[in-house]
Amino acid sequence: MRHFTVNILYAVILLLIAPWGWADSPETPITSDRVALPGHVLPALSMAQPVAAPSMALKRVAEPLTLTIVLRRSDPAGFEQYLRDVYDPQSPQYLKFLNPEEVSDRFGPSQDDYDTVQAYFEQQGFTVAEGSRNRMTLTVAGVRSTAEKALRIEIGDYVAGERQFFANANEPTLPRTVARKVQSVAGLSDLAVPRPQILKTIRIVFGAVICDLEYATIYAGLFVAVANANNGKPITPEQLQKIKDEAQKFLDKCVRNVVFAAYGLPVGNDPPPPAWQGSDGTGQTIGLLEFDTFNPSDAADFIRLIGLPESTFNRISQVHVNGGAGPTPGPDQDEVLLDINTVLLIAPGAKIAVYDAPFTGANTSFQSLFNAMINGGVNIISNSWSYCEDQTTLADVQSIDAILQSAAASGISVFNGSGDTGSTCLNGSPNTIG
């Protein structure tokens, strides 16, 4: 199955490693000792209005800001050649993958580069929130004024339509010795907020309502039957429990059929569906990228509902990145459960690692989440969240590509949901990529 997925991804990887005009271009001098990092100013800023408020001074001092620094590779040309060779069936290196740390040991970022970047941001007043074993990402926490001083930028508040957001007004700069080691800095704006790539429908809900009505009818009918058999005598606790058990069996069957029908799977009294294409995912670890969390009991209920062994639940784990998405599920918990349930239906033998992170403001980036999964030992990454390209910057987009190249270099397949809105992005922008 791995050979199948990596061959499918080969063409995509060739696009990912195509030359990016500015990514390895000569540094743009700002002063004799500082260098600009291009591509960090939002194009959308030209259509926004600044918000003038007396509270700005306080926000600069006190408002938390979390940044993800994506480092450059020490040998980008060597890395690109390796990535071509490892996916080229004619190459002696075909499918001879290195693990993420081996990739960085060979092509960078080096430990010296990582230490230099970390030391600079710590000296400027940031604290390290999350590091990475392959040294591709460094997440640091501070406040607006810390970022403004460290990067020589002005971060202001803006409004575009009904959306208010903060963003940097100029390109960040770094000391020359630090800048040559940094590809991008994510988190300087909160205009782009990840959202699930689905349009919530009521198809399954309608099915559940039908089940609920039938369940209520059956439950009431059992009461009447027992009452008649008792000649009007009170129903005993034992009889009540039997009524509940029988009604629950019906409800389980009813909802199970609704769920299976929604996924195009056989329904009725059939056993759980056979493994897809003869493979049930055994030996694979599938990482799910999430910006919300879930109730474990809901996953356990679904496992019971579709007839899998209860021990299946033990193959589901959670990894909290930068503190995690929070102790209780939020409004998008259904997306998290949908992702888990889909894997359970398609690959019930796989391990499922749910990587969750906060995104209140700009607390955690796609870069840090993807990279945590790469370093966490997953074989497959699945992501159903997105924001629109017209809400972010070139530096952000290209640094995400750099992290996905790291996954490809280690033979990790990455699947991103294309969404339900066609060529229209989630924010309503036509012909815009998510």
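Val128 stands opposite Val140 in β6. Three bridges join β5 to β6, and the two run antiparallel; strands count as paired if DSSP finds at least two bridges between them. Helices (H or I, at least four residues) and strands (E, at least two) are DSSP runs, numbered from the N terminus.

The model is predicted: local features need pLDDT of at least 70, side-chain atom pairs count only at pLDDT 80 or more, and totals for chains, interfaces and linings use all residues. Residues are numbered from 1 along each chain as its sequence is written, and side-chain values use heavy atoms, with hydrogens and water left out.

The open sheet has four strands in the order β5-β6-β4-β10, with antiparallel pairing. β5 (127-130) and β10 each have a single partner strand, so one side of each lacks a neighbour in the sheet. The twist averages 35 degrees from one strand to the next. Helix α13 (residues 394-409) packs on the sheet and touches β4, β6 and β10; its direction makes about 115 degrees with that of β10. Axes are lines fitted to C-alpha atoms, for helices over the stretch in contact, and angles run from 0 to 180 degrees between N-to-C directions.

The largest nonpolar core has 25 residues, of which Leu67, Phe121, Leu151 and Leu174 touch the most other members. Such a core is a set of buried Ala, Val, Leu, Ile, Met, Phe, Trp, Tyr and Cys residues joined through side-chain atoms within 4.5 Å, buried being under 20% relative accessible area (1.4 Å probe, protein chains only).

| Element | Residues |
|---|---|
| β4 | 64-71 |
| α5 | 111-123 |
| β6 | 137-143 |
| α6 | 144-151 |

Leaving aside neighbours within four places in sequence, Phe121 is in contact (heavy atoms within 4.5 Å) with Ile69, Phe126, Val140, Leu151 and Leu174.

Conventions: Buried < 20%, exposed > 50% of the residue type's maximum accessible area, 1.4 Å probe, protein only.
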